[in-house]
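Dear colleague,

Please find below the structure that I am handing over to you.

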Amino acid sequence: MAVRVGITLGDPHGIGPEVVLKALAQFAPAADVELVWFADPLLVKGQAEALGLPVPSVPCVWPLPPVDWAFGHGTSTSGQAALDSLNLALDAWRSGQIDALVTPPLSKEHVPLPGFTGHTGYLAQAAGGEALMMLRGAELTVALATEHVALTDVRGALSVDLVVRKLRALNAALRQDYGVASPRLALLALNPHAGDGGRIGSDEQTWLAKALDTAVHEGLDVHGPFAADGFFAARGYRDVDATLALYHDQGLIPFKMLAFHDGVNCTAGLDLVRTSPDHGTAWDLAGLGRADAGSMLAALHTAVEVVKNRRAIR
């Protein structure tokens, strides 16, 4: 059975269409892989010509009015186009027409939907399950306990239950999606120096210790909580299969330093397989033809890999 991968549009004013065009030019799918792009074919042709890129042979699905586009700045119209494409792809997944979804970047600021905080939360509501934002690169895999949460709200969003659930989801994703038979996990601390024995925070000695004990009691091979700066400086991520960070920048800064050009953002924990490049819309690069498509190409390959791995264990 073919692996059918749907690609969304992303924000048409950013680099999303460009990295898709470049990735498709390099992607050499096997005979059992089928691609479809939920994008306005007139937009695809127009951007390809503007950027001097080949128009792909991948079919485009867009049963909606044509999309106006201009490089370099998001608008409510471009945000609506990104949301429309995402919804078309979700409808195709629900009806069994595609097996996986690859999503170029959109701008949360310009999606005209109250409470929209990004792909991960939206897909969790649409597909159900314990959504986990997981980023994979050649050197490390990082997952997030909290995602797009203001720093002042992080501690209130964290709990023993949340951290244990995310560790479970991370363990399951490594087994089911990436074929890791016995995942080894690391849990990062919340406070600098892991609280210095309680002198600058007691989270590590109280609820984080309880979360760790609960996960270990359930049979997960998890260690920590590790002070984030020392953990990454000593390359502790090389000793584990994945690391759970407690908030966005704690995990994303080291990840993007090490894997920006080939890293993949994967939404784990859902029936829906979804991957994405690990970068944003890059308004300053849009239209210049200089966007790097490495992460987008890796996202396509990862989506196919995950679908095949899930099928193999059914």
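Helices (H or I, at least four residues) and strands (E, at least two) are named here as DSSP runs, numbered from the N terminus. The model is a predicted one, in which local features need pLDDT of at least 70 and side-chain atom pairs count only at pLDDT 80 or more, while totals for chains, interfaces and linings use all residues. Residues are numbered from 1 along each chain as its sequence is written, and side-chain values use heavy atoms, with hydrogens and water left out.

Overall form

The chain contains 10 helices and 10 strands. Its radius of gyration, taken over C-alpha atoms, is to be compared with a globule rule of 2.2 Å times the number of residues to the power 0.38. For 314 residues a compact globule would have a value near 20 Å, and the chain agrees because its own value is 20 Å. Along the principal axes, the C-alpha atoms fill a box of roughly 60 × 40 × 35 Å.

Contact here means heavy atoms within 4.5 Å. Of the contacts between residues at least 6 apart in sequence, 73% join residues at least 24 apart.

Interior

A residue is called buried under 20% relative accessible area, exposed over 50% and partly exposed in between (1.4 Å probe, protein chains only). By this rule, 54% of the 314 residues are buried. A nonpolar core is a set of buried Ala, Val, Leu, Ile, Met, Phe, Trp, Tyr and Cys residues joined through side-chain atoms within 4.5 Å. The largest such core has 93 residues, of which V5, W37, L158, V163, L170 and L300 touch the most other members. A second, separate core has 16 residues, including A228, Y237, A245 and L252. In soluble globular proteins, nonpolar side chains tend to be buried together.

When neighbours within four places in sequence are set aside, L158 is in contact with A145, T146, V163, L190, W207 and L246.

Helix α4

Helix α4 spans residues 119–127, and its buried residues are H119, T120, Y122, L123, A124 and A127. Their cover includes helix α3 (76–94) together with strands β3 (100–102), β4 (132–136), β9 (264–268) and β10 (273–277). Just after α4, G128 takes a positive phi of about 75°.

Backbone points to inspect

Most residues other than glycine have a negative phi, and most peptide bonds are trans.

- G224 and P225 are joined by a cis peptide bond with omega of about -10°; P225 is in strand β7 (residues 221–226).
- A194, a residue other than glycine, has a positive phi near 55°. A194 is in the loop between β6 (184–188) and α7 (207–217), and it counts as buried because its relative accessibility is 16%.
- R235, a residue other than glycine, also has a positive phi, near 55°. R235 lies in the loop between α8 (228–233) and β8 (242–245), and it counts as partly exposed because its relative accessibility is 42%.

A pairing across the sequence

D284 lies in the loop between β10 and α10 (294–312). With 62% relative accessibility, D284 counts as exposed. D284 and G72 are 212 residues apart in sequence, yet their C-alpha atoms are 6.1 Å apart in space.

With kind regards
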